[in-house]
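Thanks for coming. Please have a look at the sequence and the structure before I start talking.

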Amino acid sequence: MSVNFGSKRVVTGAHYGLRDWLAQRVTGALVALFTFIVLAQVIFSSGPMGYDTWAGIFAAQWMKALTFVVFVALAWHVWFGMRDIWMDYVKPVGIRLALHIFTIVWLVACLGWAVQVLWRL
C-alpha cells in the first residue's frame, strides 16, 4: 500500500540556472585574467606610454586572438546579465522581447566593431 502525503511538487522552468551561473563566473574570470595580462604588459613596458606602446601590445597575432576571445566572453557575460535584468524587471512580454533583440543586435555589432579594430578591416 502506497501513501502519499501532500501534493506532488511540479518543477517547471528552463533549468539553466547552474549553467548560466557558471558561465557568468568563467567569463568574468577570463576578463579579469586578460586585464591582469594587459596591466602586466603596461607596467613592464619601457619608455613613455604612447600610441606606439599600445599598438605594440596588441600587434602580436596571439594577443589579437586573445583579445577577441575576451570580447566574445564579455559579450556573453553581458548577455546573461542583461537577459536576467530584462526577465526580472520588465513584465510586458513585447517590451521584454524588444529589449532582448536590441541587446543581441547591440552585442553582435560590438563584436563586429572589435573585429574591425583588431584586424583593421
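First, what we are looking at. This is a predicted model, where local features need pLDDT of at least 70 and side-chain atom pairs count only at pLDDT 80 or more, while totals for chains, interfaces and linings use all residues. Residues are numbered from 1 along each chain as its sequence is written, and side-chain values use heavy atoms, with hydrogens and water left out.

Now the fold. The protein has four helices and zero strands, and along the sequence this reads α-α-α-α. Of the 121 residues, 20% are buried. Buried means under 20% relative accessible area, exposed means over 50%, and partly exposed is in between, with a 1.4 Å probe and protein chains only.

Next, the helix pair. How do α3 and α4 pack? Helix α3 covers residues 61–89 and helix α4 residues 93–119; their axes are 10 Å apart, at an angle of about 170°. Axes are lines fitted to C-alpha atoms, for helices over the stretch in contact, and angles run from 0 to 180 degrees between N-to-C directions. The angle makes α3 roughly antiparallel to α4, a label for angles over 145 degrees. Their contact has 18 nonpolar, four polar and three charged residues. In this count Ala, Val, Leu, Ile, Met, Phe, Trp, Tyr, Cys and Pro are nonpolar, Asp, Glu, Lys and Arg are charged, and the others, Gly among them, are polar.

Leucine 111 is in helix α4. Leucine 111 counts as partly exposed because its relative accessibility is 22%.

On to the charges. How many salt bridges does the whole structure have? The search finds three, each being a side-chain nitrogen of Lys or Arg within 4 Å of a carboxyl oxygen of Asp or Glu. Arginine 83 and aspartate 20 meet in one of them, at 2.5 Å from N to O. This pair links distant parts of the chain, with arginine 83 in helix α3 and aspartate 20 in helix α1, 63 residues apart. Both residues are buried. Aspartate 20 also bridges to arginine 19, with the closest N and O atoms 3.6 Å apart. Arginine 19 has 56% relative accessibility, so it counts as exposed.

Aspartate 84 forms a salt bridge with arginine 83, and here the closest N and O atoms are 3.1 Å apart. Through shared partners, Arg19, Asp20, Arg83 and Asp84 are joined into one network.

Last, the surface. Leu18, Trp21, Leu22 and Val26 form a nonpolar patch with about 450 Å² of accessible area together. Patches take residues with over 30% relative accessible area and no salt bridge, joining like charges within 9 Å and nonpolar side chains (Val, Leu, Ile, Met, Phe, Trp, Tyr) within 5 Å. The areas come from the Shrake-Rupley method with a 1.4 Å probe, and for residues only the protein chains shown count as cover. Leucine 18 lies in helix α1, residues 17–43, and counts as exposed because its relative accessibility is 66%.

Technical notes:
Helices (H or I, at least four residues) and strands (E, at least two) are DSSP runs, numbered from the N terminus. Angles under 35 degrees count as roughly parallel, over 145 as roughly antiparallel, 65 to 115 as roughly perpendicular and the rest as oblique.
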